[in-house]
Amino acid sequence: MKIVCIGGGPAGLYFALLMKMRNPAHDITVVERNKAYDTFGWGVVFSDATMDNMRVHDPVTAAEIQQAFNHWDDIELEFKGQRIRSGGHGFVGIGRKKLLNILQARCEQLDVKLVFETEAESDLQYPDADLIIASDGINSRIRTQYEDVFKPDIAVRPNRYIWLGTHKLFDAFTFAFEKTEHGWFQAHIYKFDENTTTFIVECPEHVWQAHRLDEADQQASIAFCEKLFARTLDGAPLMTNARHLRGSAWLNFQRVKCEQWSLYNGRSHVVLMGDAVHTAHFAIGSGTKLAIEDAIELANQFQALGDTREHIPEVLQRYQASRNIDVLRLQNAAWNAMEWFEVCGGRYCDQLEGPQFMYSMLTRSQRISHENLRLRDAAWLGDFERWFANKAGMQIAPDQKAPPPMFTPYTVRGLTLKNRVVVSPMAQYSAVDGLVGDYHLVHLGARAMGGAGMVFAEMTCVSAQGRITPGCPGIYTSEQAQAWARIVDWVHAHTDARFAMQIGHAGPKASTRVAWEGTDQPLQSGNWPIISASEQQYLPGISQIAKSMTLEDMATVKAEFVAAARAAADIGVDWLELHCAHGYLLSAFISPLTNHRTDAYGGSLQNRLRYPLEVFAAVRAVWPADRPMSVRISAHDWEEGGITPSDAVEIARAFKQAGADMIDCSSGQVSKSEKPVYGRMYQTPFADRIRQEAGIATIAVGAISEADHVNSIIAAGRADLCAVARPHLANPAWTLTEAAKIGYTPMVWPKQYWAAKAQMEANFQREKAQAAAALSSVRAAEA
């Protein structure tokens, strides 16, 4: 085949040499705009795993790179006068120029044609090529030329950064943070050759402008950064090699993601590769990794399917399908890391102490979990867990092993929970006329014995009209209160878990069938009148129409909430939560999607919050002062025009001012046309943002399914408690099971179950040993 690679970066060069190495008959040319053996840029970073991949596919090139690269395991943080270091992270750093020179020399050895100082304006300049690799970078002309086919999604990010270098050498991948009168700056620092270090300085746009860096030329910017990071640099100067850029060298990162990766232009097949098709933020240093692994995958597909012209369409189709999964996974991780650095100045730098800030930074991409940190650096994590436990009020001696963060106590007002795991409120639809019975005793009792620090009953309705379904429980009669008292007393007598009750009113989502007969569907008979903030129909054309509440209705419902709170207090409920989420009555007031009132309770967010805050204040007034009270909110409506995460911060601030102790951060279920983005721990960012920006404790919920999730969330300060739902439905003893799984043997079990404790712990330990032995066998065979 005749192959032309437009762009002589890592993607184009590495693909060219792999194809030529496997089939010398290919006619391959790489076209590069710069001079021979010349390039811009400082160092690039990729992982040990990428190096392993290169060793498999071209040992010669890998060996040369290995001789030139700098390898380090440590990450060091300079923050608030502290230096904190963690090891075991495995990075490779090499000068961009050195890497490209190695790839260029290898191409020449294999008779790949290298054409320098040539600007390829279009793929149509090479009409006799069978395959054209558009590896022409983030500002790809080829991608722009066929924008309607490639359909690029380009997001320009808000932070500003400048890519500099220094001759001061660092022996760890270093992150330095400095605060000015206008805000925080951070530096990403790593050595890439025997005498040079990359030094990237980053800050939010408003901080950049406040320092008038938008008016500064490169030399003024360098001088500013030298002064700002004088302690880190120890007097060493900073350098730029971006003299080709006019004016300021501060840039905005662009995230590129294309829907289609290839096309046929009538003569040649054209495929995007590297930064032309996808970018990954420098916060996890994966742009070079993506480029090299693109090249490897495309070359492998040609080897598997056939490296002739007639196979190109199938190869390109398989290439995109195969790479897209890995690329999206890495781009998502890079996006998380990027967002962390974009918001850390306003969200973490002032709020967190050094050890927790380090933990948050290390786990920013969500690729590194708590137990993964233990594998990387058990000593550092052990010290951190000791620090965290001491902050939680435990007295941990220097030589004593601390519990994982999820098993530290949490105290609020006069209540202490034994650990950070909460059984989330989960509707069971098994009450009769609002009355709970034996089913609820067994259901909640079993979960209270299962190790969680607190068990939430499902949403308990404040009136018959406020029930979601005829099977939902209430606490609006004395008989109902006594039925609940039986369960509360049992939990207190037989377990050390605390008992929480969530009170609410279904509003426009009331009078519907139980879940297994049709969620949100109206009753076939026996419907009761329903109310909301404004007239609405939850399921258009299907649901009952809820009438807009009058002021008299609002007074009545508020009194019902107060009566429910008094009843819950009287029967010994430990914790009360006000349900203001999921499109139920109080949520319907908060969301602009459902509140269209024109009186004092509609319009602005402040007005829409007025009634929920009035209800909260009335309830808080009768709820005992020594018992906590939380509020569950929908932190994101997942629909245009609805509540946004920034609105959620304001909502949380309002409830905090009213006396709330904690915000339970859920989302959605306000509108059936919502478009949520699911994933593991997908709602935790809402809890994190509210906790840091509103300054109130939070509960994280949503797709939290293993101890690693809980430990990572709690340790990083993303939330104070984790509410776990479905896993507790599947396994009432989920918390005990997860403790055994991670080897936390001090976990206390109910004395009746002691015999099972040792057996479960031994079984998990045996499984770990077998898995480790199997892995060792595989590695030995590969070696």
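**Ground rules.** I number residues from 1 along each chain as its sequence is written, and side-chain values use heavy atoms, with hydrogens and water left out. Because the model is predicted, local features need pLDDT of at least 70 and side-chain atom pairs count only at pLDDT 80 or more, while totals for chains, interfaces and linings use all residues.

**Cores.** I looked up the nonpolar cores, meaning sets of buried Ala, Val, Leu, Ile, Met, Phe, Trp, Tyr and Cys residues joined through side-chain atoms within 4.5 Å. Buried is under 20% relative accessible area, exposed is over 50%, and partly exposed is in between (1.4 Å probe, protein chains only). The largest core has 199 residues, and those with the most contacts inside it are Phe15, Phe177, Leu298, Trp484, Phe655 and Ile690. Its largest share, twelve residues, comes from helix α11 (residues 312–347). Helices (H or I, at least four residues) and strands (E, at least two) are DSSP runs numbered from the N terminus. Another core, of 22 residues, lies apart from this one and includes Ile162, Leu164, Val207 and Ala249.

**Ile690.** I then listed contacts, which means heavy atoms within 4.5 Å. Leaving aside neighbours within four places in sequence, Ile690 touches Ile633, Ala635, Ala648, Val649, Ala652, Ile663, Cys665, Gly695, Ile696 and Thr698.

**Sheet β3-β7-β4.** I found an open sheet of three strands in that order, with antiparallel pairing. Two strands pair if DSSP finds at least two bridges between them. β3 (43–47) and β4 (70–72) are the edge strands with a single partner each, so one side of each has no neighbour in the sheet. From one strand to the next, the twist averages 25°. Three bridges join β4 to β7 (residues 91–95), and Asn70 has Gly93 of β7 as its bridge partner. Helix α2 (residues 48–57) packs on the sheet, touching β3, β4 and β7, and its direction makes about 80° with that of β3. For such angles, axes are lines fitted to C-alpha atoms, for helices over the stretch in contact, and values run from 0 to 180 degrees between N-to-C directions.

**Positive phi.** Most residues other than glycine have a negative phi. I noted Glu117, with phi near 50°, in the loop between β8 (113–115) and β9 (131–134). I also noted His582, with phi near 65°, in the loop between β26 (575–580) and α19 (585–590). Which of these is buried and which exposed? Glu117 is exposed, at 58% relative accessible area, whereas His582 is buried, at 7%.
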